[in-house]
Amino acid sequence: MIMHHRGRRLTAGSGSLLVALACSSTCLAGPERLQLTDASAWGGFFSGGPYEVRPIDFAFEPVGSGEFGADAGRFITFTVEMLDDLWEGPFHYDVAFSDDAHGNGAGGGDPDPLDERTAFLYTVFARGQIAGKLASFDGSIFTYEHSASGHALQEAIWHIEEEIGPVAGLAASLVAMADAAVGFGGEWFGMGLGAVRVMNMADAGGHTYQDLLVLEPTMIPLPAPVFTGAVGLAGVIALTLRRRRGCGDDQQF
């Protein structure tokens, strides 16, 4: 866009810097697809997570990729709903990212907004923090790559999302920790969903399946000196434009 203004043309570098400062989110290219590579990750088959999945054509690398028993380029996830199980194998599912689960739920609405407690649990799971946080919370033991722990986390998520009724044991401890985290003064208070999103799963014919969780990498803030310098540059540009108003040299930028 060409704008008439009394001032000098902004340099390409200056313009690019200001545009970069204005951008605060990552645009996702599509279409994204997903393959369920192991429906019994961590041992046992629970018709839910932990699942090992392989993202295809994602515009970002999910947090936890290649960790917690997942092969390189794959990650461990859990289901939001109980119904319409995904199939393991060479099937590619279409993925749409949202804040809600769609269909296939035993409870909740449709669409069913993801609960912030689920977002907290999956965030600390994908960052490798859930065992330490749970131990500090009530002394319970969560073991990565252990079937009982994986089953308990899936049950905790299903309980929070109103898919199943009361839970006990490790699952109950996970729910209690999530309740405390989102409560007033808790570490997740006011955080909403953070960087967790729901992957709405569908086949080529449009049939929907269990939705899954993913943690997107967050933007890294500019270091303070760089940010200060950028803001200073923007101020210099603005000041220069103001000083040149009224000089009669009507230029374009």
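Begin by selecting Trp158, which is buried, with a relative accessible area of 6% (buried means under 20% relative accessible area, exposed over 50% and partly exposed in between, using a 1.4 Å probe and protein chains only). This is a predicted model, in which local features need pLDDT of at least 70, side-chain atom pairs count only at pLDDT 80 or more, and totals for chains, interfaces and linings use all residues. Residues are numbered from 1 along each chain as its sequence is written, and side-chain values use heavy atoms, with hydrogens and water left out.

**Stop 1: Trp158 and Glu81**

Trp158 belongs to helix 4 (residues 147-160). Helices (H or I, at least four residues) and strands (E, at least two) are DSSP runs, numbered from the N terminus. How many residues apart in sequence are Trp158 and Glu81? They are separated by 77 residues in sequence, yet by 6.7 Å in space, C-alpha to C-alpha. A polar atom of the Trp158 side chain lies 3.1 Å from the backbone oxygen of Glu81.

**Stop 2**

An open sheet of six strands has the order 4-3-2-5-8-9, with antiparallel pairing; two strands pair if DSSP finds at least two bridges between them. Which strands stand at the edges? They are strand 4 and strand 9; each has a single partner strand, so one side of each is left without a neighbour in the sheet. From one strand to the next, the twist averages 45°. Axes are lines fitted to C-alpha atoms, for helices over the stretch in contact, and angles run from 0 to 180 degrees between N-to-C directions.

Helix 2 packs on this sheet and touches strand 4, strand 8 and strand 9; its direction makes about 60° with that of strand 9. Contact here means heavy atoms within 4.5 Å.

Select strand 3 (residues 51-56), where five of the six residues are buried. Strand 3 is joined to strand 2 (residues 32-38) by five bridges, and the two run antiparallel. The bridge partner of Arg33 is Ile56 in strand 3. Three bridges join strand 3 to strand 4 (residues 75-77), again antiparallel, and Glu52 stands opposite Ile76 in strand 4.

Move on to strand 8 (residues 196-202), which is mostly covered, with six of its seven residues buried. Strand 5 (residues 93-98) runs antiparallel to strand 8 and is joined to it by five bridges; Ser98 stands opposite Val198 in strand 8. Six bridges link strand 8 to strand 9 (residues 208-215), also antiparallel, and Val196 has Leu215 in strand 9 as its bridge partner. Select the five residues between strand 8 and strand 9, which form a hairpin. Gly206 in the turn has a positive phi of about 90°.

**Stop 2: helix 5 and its neighbours**

Now select helix 5 (residues 169-182) together with helix 3 (residues 130-138): their axes come within 10 Å and cross at roughly 85°. That makes helix 3 roughly perpendicular to helix 5 (angles under 35 degrees count as roughly parallel, over 145 as roughly antiparallel, 65 to 115 as roughly perpendicular and the rest as oblique). Residues making the contact include Ile130, Leu134 and Phe137 of helix 3 and Leu170, Ser173 and Leu174 of helix 5.

Ser173, in helix 5, is buried, with a relative accessible area of 12%. Leaving aside its neighbours within four places in sequence, Ser173 is in contact with Leu134, Phe137, Asp138 and Ser140.

Helix 2 (residues 116-126) packs with helix 5 at an angle of about 110°, with their axes 9 Å apart. Helix 2 and helix 5 are therefore roughly perpendicular to each other. Among the residues in this contact are Phe120 and Leu121 of helix 2 and Leu174 and Met177 of helix 5.

**Stop 3: the nonpolar core**

Finish with Leu121. Leaving aside its neighbours within four places in sequence, Leu121 is in contact with Ile130, Leu153, Ala156, Ile160, Leu174, Met177 and Ala178. Which residues touch the most other members of the largest nonpolar core? Of its 55 residues, they are Leu121, Phe125, Ile130 and Leu174. A nonpolar core is a set of buried Ala, Val, Leu, Ile, Met, Phe, Trp, Tyr and Cys residues joined through side-chain atoms within 4.5 Å. In soluble globular proteins, nonpolar side chains tend to be buried together.

Key
A polar contact is a pair of N or O atoms within 3.5 Å; within protein, one must be able to donate a hydrogen and the other to accept it, and residues adjacent in sequence count only if both atoms are side-chain atoms.
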